[in-house]
Amino acid sequence: MAFTEKLLRAPGPVQVGGYRLKRYHVTADPAGLDPAVEKAAYSVLPDLLPFPDGTPKSGFVVVHRGDDTGAYVSAYCWAWDNVLSFAGAAAGQPALGCPDLDPTHFVRLTRPLIGCVWELAPMRHERDSWVRHVLTPDTPDLDAYLADAYREGTTGPDPLG
């Protein structure tokens with residue numbers, strides 16, 4: 001099977017467990033994420049967030065519906081001012097320890113995986129956005145960081161660099 005990019009949407013930030021997180025949804029379905037998968041992914045999200053360390057409680061979450069039975073949620077949160085922490089969960093993917101093929105039955109990942117090629121598309125943008133809005137200014141601007149989302153479209157290369 002040949003590789004193809006997937007669709008990427010950025011539906012706007014969400015607040016979960018005191019964290020303010022940008023959201024990215026990845027799927028091959030032009031209709032977007034199935035609402036049941038989306039609801040289940042966000043219900044497991046509080047369990048994926050790290051213990052606060054004084055860094056602004058922010059980051060981004062990627063919810064990905066695979067082409068098979070799998071669904072994935074990846075939570076990336078800023079820590080130690082300039083480090084990205086990760087925790088993830090999977091559903092419907094027995095190879096990752098899921099007990100069944102239900103794409104709404106999420107279990108926390110125990111393997112040291114940080115995301116697939118489609119989920120990693122926003123990563124460089126998020127690094128640059130954090131530097132631009134939080135680390136570089138004299139006064140960090142978390143609202144500007146949250147408003148600065150990776151462009152919607154596909155998971156392919158960003159035409160703006």
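Modeller: The count comes to six aromatic pairs, where rings of Phe, Tyr and Trp (its six-membered ring) pair if their centres lie within 6.5 Å, and planes under 30 degrees apart count as stacked, over 60 as edge-to-face and the rest as tilted. This is a predicted model, in which local features need pLDDT of at least 70 and side-chain atom pairs count only at pLDDT 80 or more, while totals for chains, interfaces and linings use all residues. Residues are numbered from 1 along each chain as its sequence is written, and side-chain values use heavy atoms, with hydrogens and water left out.

One of the pairs is formed by F3 and W118, which is stacked because the ring centres are 5.4 Å apart and the planes are at 15°. This pair links distant parts of the chain, 115 residues apart: F3 belongs to the segment before β1 (7-9), and W118 to the loop between β7 (107-108) and α2 (123-135). Helices (H or I, at least four residues) and strands (E, at least two) are DSSP runs, numbered from the N terminus. W118 is buried, with a relative accessible area of 18%; buried means under 20% relative accessible area, exposed over 50%, and partly exposed in between (1.4 Å probe, protein chains only).

A further stacked pair consists of W78 and W130, with ring centres 4.7 Å apart and planes at 10°. Here strand β5, which holds W78, is linked to helix α2, which holds W130, and the two residues are 52 apart in the chain.

Y24, F60, Y76 and F86 form one aromatic cluster. S74 lies in strand β5 (residues 71-79) and is buried, with a relative accessible area of 4%.

Lysines also meet the rings. K6 lies over the face of W118, at 4.3 Å from the ring centre, and the charged end of K22 sits over the ring of Y145, 3.8 Å from its centre. A charge sits over a ring if NZ of Lys or CZ of Arg is within 6 Å of the ring centre and within 35 degrees of the ring normal.
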